[in-house]
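Subject: Structure handover

Hello,

Here is the structure for you to look through. My notes on it follow below.

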Amino acid sequence: MSKDAILDQVFPIRAKAVLALRAAGKADAETFQALAAEAKDLAAAFGRAPAAKRWDAFASALEIVRLLIEWEQASLTAAIDPDRFLRTARLQMKRLRSGASGETFADKLIEALSVIDDEFDFARIGPLRQSLAVIPLPVAIYADPEPKLPAWAHERVGADKEKAPDLTVAFVEFTINGTTAERIQALRPRENHDLDIAVRVSRWPEAATALVLSPISIEPPSSYDLPSFRFARPSGDPPYLLKQRGRMILHAPQNLKARPFEFIYTAEFQPTSTEKPVSIAGQRTLRLDGSAPDRQAYTGYRDIDTKLIALRDQLRLEPLIPEADLEELLTVLIPLANLMGQSVQDNKFPAVISEAEFQRRAREWLRQQPTIGSQLEEQAYSTGGRTDLSFRGIRIELKSEPAKKLLPDDCKKYVSQAASYAVGTNRRVAVLCVLDCSPKKQSPFPMEDGLAVHVIDTGTSPVYIVTLLIQGNLARPSDLSR
């Protein structure tokens, strides 16, 4: 058989992928991540052969399945913004469509995966996997590598040895304290944490005795300790899946507005190989957030601080929100969230007040903050109307409800006005602060539940409205027992 035959590499991966797609019970996102990486490697190994496009499309389909599984798991565990996985899966679909170029197998994959373009729920992930598993994939036997040099060129360069396969180190997974690391991983500072790493190595250089993975960062070295990982030459045939555990620590908590710590792991064979550089694949970046509301207060209310951190992390994942706008938004949210806590703790608004009076008190409270002061505007023009308050272009809309008790979701009826003001100021974010000063006959809900983000679909791209529901005119606790 020709030396370009690679059936022994192809068939086992195809079989594993079909079994994983058809497997019943809990899906394993890590399995599909590893299979997608192997399928990508096979696409490269086929070179110019038509099978390369089929395997590249199959790798994309496996990656989309992985993202859908991550979406379900993140939703069930109340992770921050689980829908980011579904959005990424849909972006992968666009890439798959653009590169399909009429290939029959790829077209069938796209047809099966197109269900995620519409309303999609967790119950449809299983049937989608089954439909992908039954699509026939012609298993090509031969690769079509780059053309060989003519005989005279071999003599000229002395290239009588067969070219070695690409040397690739693929980062498969980071696990922190037993849980797969999030895109931005919250990490309590001044505590030791377990960091597990898994990498896939396509082959081992003949002269190399060890593979070393080391973190690099622009962060001050005194602010963290992250482990390096050293793997000795493994036994058996490539590719190799290597795993190891280390310890890490962040030495200080972060300010609410500070960017996450960011680290990139590098891979190097020792002693340094004379071969071409190592190709690095996969996600090798760790982004760690050391915010600690129990050790560093922001609003003075622990649970509100925790919710504020989660809200900040959610908005950081949105690529359309500039970092400067998020920082100014947080500057406004901290005192308003504190006011939300005060209103429950001290019944700060004990009677019905008008919207104008609420605006006066909110303006007075915000102007007292040294970080805001004179930069707070009132009645600024936007989209042909007047906004209540504004801080560096971040619009703050205020409402007062005198008659009907509100719940956090009831704020949705006001968000379109705030979104209009945001768009008119060329911003993607705005604040809506609603005072419920209606008479109460029930106990208040937890104060942190009044803080939320509502996404407004403008028809082309989203606008994000942060809502704060302030509870006023509370019943006396003793009255509730009568």
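**An exposed loop residue**

K441 has a relative accessibility of 79%, which is over the 50% cut-off, and therefore counts as exposed. Please keep in mind that this is a predicted model. K441 sits in the loop that runs between strand 17 (429-436) and strand 18 (451-457). P477 is 36 residues from K441 along the chain, and the C-alpha atoms of the two are separated by 9.8 Å.

**The chain as a whole**

The protein has 482 residues, of which 48% count as buried. Its secondary structure comes to 11 helices and 19 strands. Taking the contacts between residues at least 6 apart in sequence, 72% join residues at least 24 apart.

In soluble globular proteins, nonpolar side chains tend to be buried together. In this model the largest nonpolar core is made up of 48 residues, and W55, L62, L68 and L132 are those with the most contacts inside it. Two or more residues come from each of helix 1 (7-22), helix 2 (29-45), helix 3, helix 4 (83-100), helix 5 (104-113) and helix 6. The most is given by helix 3, with 15 residues. For L62, setting aside neighbours within four places in sequence, the contacts are A17, L21, F32, L35, A36 and A39. Another core lies apart from the largest one; this other core has 44 residues, including I334, L336, L339 and F391.

**Helix 3 against helix 6**

Two packed helices are described by the angle between their axes and the distance between the axes. For helix 3 (residues 51-76) and helix 6 (residues 125-133), the angle is about 165 degrees and the axes are 11 Å apart. Angles over 145 degrees count as roughly antiparallel, so helix 3 and helix 6 are roughly antiparallel to each other. The crossing of helix 3 with helix 6 is left-handed. On the helix 3 side the contact involves V65, L68, W71 and E72, and on the helix 6 side I125, L128, R129 and L132. By type, the residues of this contact are six nonpolar, no polar and two charged. L68 and L132, from this contact, are also among the residues with the most contacts inside the largest core.

**Backbone geometry to check**

Most residues other than glycine have a negative phi, and most peptide bonds are trans. The following places depart from that pattern.

- The peptide bond from P238 to P239 is cis, and its omega is near 0 degrees. P239 lies in the loop between strand 7 (229-232) and strand 8 (240-250).
- Q270 and P271 are joined by a cis peptide bond with omega of about -10 degrees. The loop between strand 9 (261-270) and strand 10 (279-282) holds P271.
- N177, which is not a glycine, has a positive phi, near 55 degrees. N177 is in the loop between strand 1 (168-176) and strand 2 (179-180). With 44% relative accessibility, N177 counts as partly exposed.
- R392 is not a glycine either, and has a positive phi of about 50 degrees. The loop between strand 15 (389-391) and strand 16 (394-401) is where R392 is found. R392 is partly exposed, at a relative accessible area of 37%.

Regards

Notes:
Residues numbered from 1 in each chain as written. Predicted model: local features only at pLDDT ≥ 70, side-chain atom pairs only at ≥ 80, totals over all residues. Heavy atoms only, no water. Helix = DSSP H or I, 4+ residues; strand = E, 2+ residues; numbered from the N terminus. Buried < 20%, exposed > 50% of the residue type's maximum accessible area, 1.4 Å probe, protein only. Axes fitted to C-alpha atoms, helices over the stretch in contact; angles between N-to-C directions. Parallel < 35°, antiparallel > 145°, perpendicular 65-115°, else oblique. Left-handed = near helix turned anticlockwise from the far one by under 90°. Contact = heavy atoms within 4.5 Å. Nonpolar A, V, L, I, M, F, W, Y, C, P; charged D, E, K, R; others polar. Core = buried A, V, L, I, M, F, W, Y, C linked by side-chain atoms within 4.5 Å.
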